[in-house]
Amino acid sequence: MSLAGIDKYELLSDLAKRRGFFWPSFEIYGGVSGYLDLGPLGAKMKRRIEDRWLQLFVYQHGFATISSPVITPERVFIASGHVEHFKDLMVTCKDCRRHFKADHVITEAMPGRADIATEAMSPAEIDSFISENTIRCPECGGPLSQAEFFSTMFRTNIGPYGDVTGYARPEAAQGMFVDFKRVFEASREKLPLGIAQIGTVMRNEISPRQGPIRLREFTIMELEFFFDPEEPRCNYMNRVSDVELPLLLMKSREQDHSNVTRLPAHEAAGTGLVKNEWSAYFMALSVRFAKSLGIPLEKQRFEEKLPAERSHYSAQTFDHQIWLDRWGWVEIAGHAYRTDFDLSAHIKGSGVDLSVFKPYATPVEKQVTVVVPNESVLGPTLREKSRVVLDALKSANPEDLKRAFKKTGYLEIQGFRVLPSHVRFEDRTIRETGRRVVPHVIEPSYGAERIVYSTLEYAYNRVKDRVVLKVPPDLAPMQMMVFPLMAKDDLPGIASRVADFLIGNGFDVEYDDAGTIGRRYARADEIGVPISITIDYDTQKNETVTLRDRDSWQQVRIKWKDIPALVPDFLKGAKAFSELGEAVRVDYE
Ligand SMILES: [Zn+2]
């Protein structure tokens, strides 16, 4: 809580509705929880955040992007394990019949108990925890039912007769796995390979009551990074040598405290606390990403998930959490080490070989023992079964045969007893030109709407009696506003021409002549416009305008034709405001 007992979520929601950042969906019909609309400013800001994410995680490494469908046939999610595992435990109030996510009911009833790993509890553990602590319905105080599983995937039919079941994807990742072979081939068959996708996902959350934080439909920004598990080194570690990872490790959580271990990314990987170097690297990028949204390092941490809290596909997961005023530590990203789980699952599910061939630099000669069937002995005994048994023998493991002969004197293959006299073992030299690898996968995954909200919350400031939304200038939805000082003497005409000139140069600019200049500045501050441009009587004389800085309220005077050359550096943070022109003091406030 802050700002006189009203939390930032409340203050921001009010501003967001009034000014066009976000509001609850289907509002005129009373709304449905778990859905959020982004307005003109919110949608624009989301796009800028997506672009920044793409630049940081994808483009700077030359990774690929794809776009795949939301509705996915059941077979994909059976193979991936989602049909079996993507579900939450639910309890129902016996009086008011409302449904609740079981772990939320417990967390809310036991505030400040970070040690209770509710996500890891079994139905029976939930039931006994609820009865031992006499937890009741958070809405009406009624008794709660036993916990039961609820699939949180939206289910539908593909086509008119329901012959193919489909699900809305709860993550975009499966698109990247299913398309792996195609993208690999199109990318000149090189590992490592990154494939990313930004798109809609849906999760049928049981009772979302956290505004923009828990949505039933949202935009995911997801990267699947494929690498050879025998070559796990990350060649970009030196790019993040300055980044410290704040780690809330499993062992700390298990000992019931929340001590954060701070380590440079390379050490976190070197000591094995983060199991994979690429994971540590992407986590370091994640810190940098969050900082660039205006979220300071001390409001960030990575919570290592306990084995029972992890998704079914993950060998290690860190949630990148940030501190929000109303909800405390909230996950903005998940960093999962998915190993070869998904590709192997789809190899099994589809029957298509998704492994890749890695040629050796120089072919390797290898001594191997092979099984040679003694066909003159076997042939007459086997008769019509011979082909099947001979094939099985040729691919049999010599060690298995030797062991079986030693133990029982025979090995049964396809119902036939193979005796030592049926085969002989031969040592041979073979030339291997490469090996087949099922790549391992590291996945950083982000929820875009949550990040838009978090950016706005950290931007929310009060200066004197006014709200100033200090959004990082290059993420601001509106970059400049153009004001004529007075709505007369052709000042509006010049201001319109300046606004059109800037729009023509690719800037997001709005023209505004309503109310006093002071009120217009206040409105610009409230929606986070970094620069306000005022056209006054000097503009008529010498084509100069005043630029006003949102954060310092300083002013400089420059020729308006110079704006496109100078302002981009300021928006990127490469130039200070005072470097844009000659400082002036005009009291318009
Ligand atoms: Zn109730």
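**Note on the predicted model**

1. Asp489 is placed in the loop between strand E24 (480-484) and helix H17, where helices (H or I, at least four residues) and strands (E, at least two) are DSSP runs, numbered from the N terminus. The phi of Asp489 is near 55 degrees, which is a positive value in a residue other than glycine. Asp489 counts as partly exposed because it has 13 C-beta neighbours inside 10 Å; a residue is buried if 20 or more other C-beta atoms lie within 10 Å of its own, exposed if 12 or fewer, and partly exposed in between, with C-beta atoms placed from the backbone.

2. This is a predicted model, in which local features need pLDDT of at least 70 and side-chain atom pairs count only at pLDDT 80 or more, while totals for chains, interfaces and linings use all residues. Residues are numbered from 1 along each chain as its sequence is written.

3. Two further backbone details deserve a look. Glu543, in the loop between helix H19 (537-542) and strand E27 (544-549), has a phi near 60 degrees, again a positive value in a residue other than glycine, and with 14 C-beta neighbours inside 10 Å it counts as partly exposed. The peptide bond from Leu191 to Pro192 is cis, with omega near -5 degrees, and Pro192 sits in the loop between helix H8 (180-186) and strand E10 (193-202).

4. In helix H20 (residues 563-572), the buried residues include Ile563, Val567 and Phe570. These residues cover an arc of only 55 degrees around the axis, so they lie on the same side of H20; the arc is that of the directions from the helix axis to the C-beta atoms. Ala565 and Lys572, on the other side of H20, are exposed. Among the elements that cover the buried residues are helix H17 (491-504) and strand E26 (531-535). Gly573, which follows H20, has a positive phi, near 85 degrees.

5. An open sheet is formed by three strands in the order E6-E5-E7, with antiparallel pairing; two strands pair if DSSP finds at least two bridges between them. Strand E6 (99-101) and strand E7 (148-151) each have a single partner strand and stand at the edges, so one side of each is left without a neighbour in the sheet. From one strand to the next the twist averages 50 degrees. Strand E5 (residues 87-92) pairs with E6 over three bridges, and Val91 has Phe100 as its bridge partner in E6. Helix H5 (residues 102-109) lies across E5 and E6 and runs at about 75 degrees to E6, where axes are lines fitted to C-alpha atoms, for helices over the stretch in contact, and angles run from 0 to 180 degrees between N-to-C directions.

6. A nonpolar core is a set of buried Ala, Val, Leu, Ile, Met, Phe, Trp, Tyr and Cys residues joined through C-beta atoms within 7 Å. The largest has 113 residues, of which Leu245, Ala265, Met283, Ala284 and Val482 touch the most other members; helix H11 (residues 277-292) supplies the largest share, 10 residues. Beyond its neighbours within four places in sequence, Ala265 is in contact with residues including Met237, Val240, Leu245 and Tyr281, contact being C-beta atoms, placed from the backbone, within 7 Å. Ala102, Val105, Ile106 and Leu144 are among the 16 residues of a second, separate core.

7. The chain is divided into domain 1 (359-437) and domain 2 (478-584), with bounds from an automatic or database domain assignment. The C-alpha centres of domain 1 and domain 2 lie 81 Å apart.

Note on methods. Contact = placed C-beta atoms within 7 Å.
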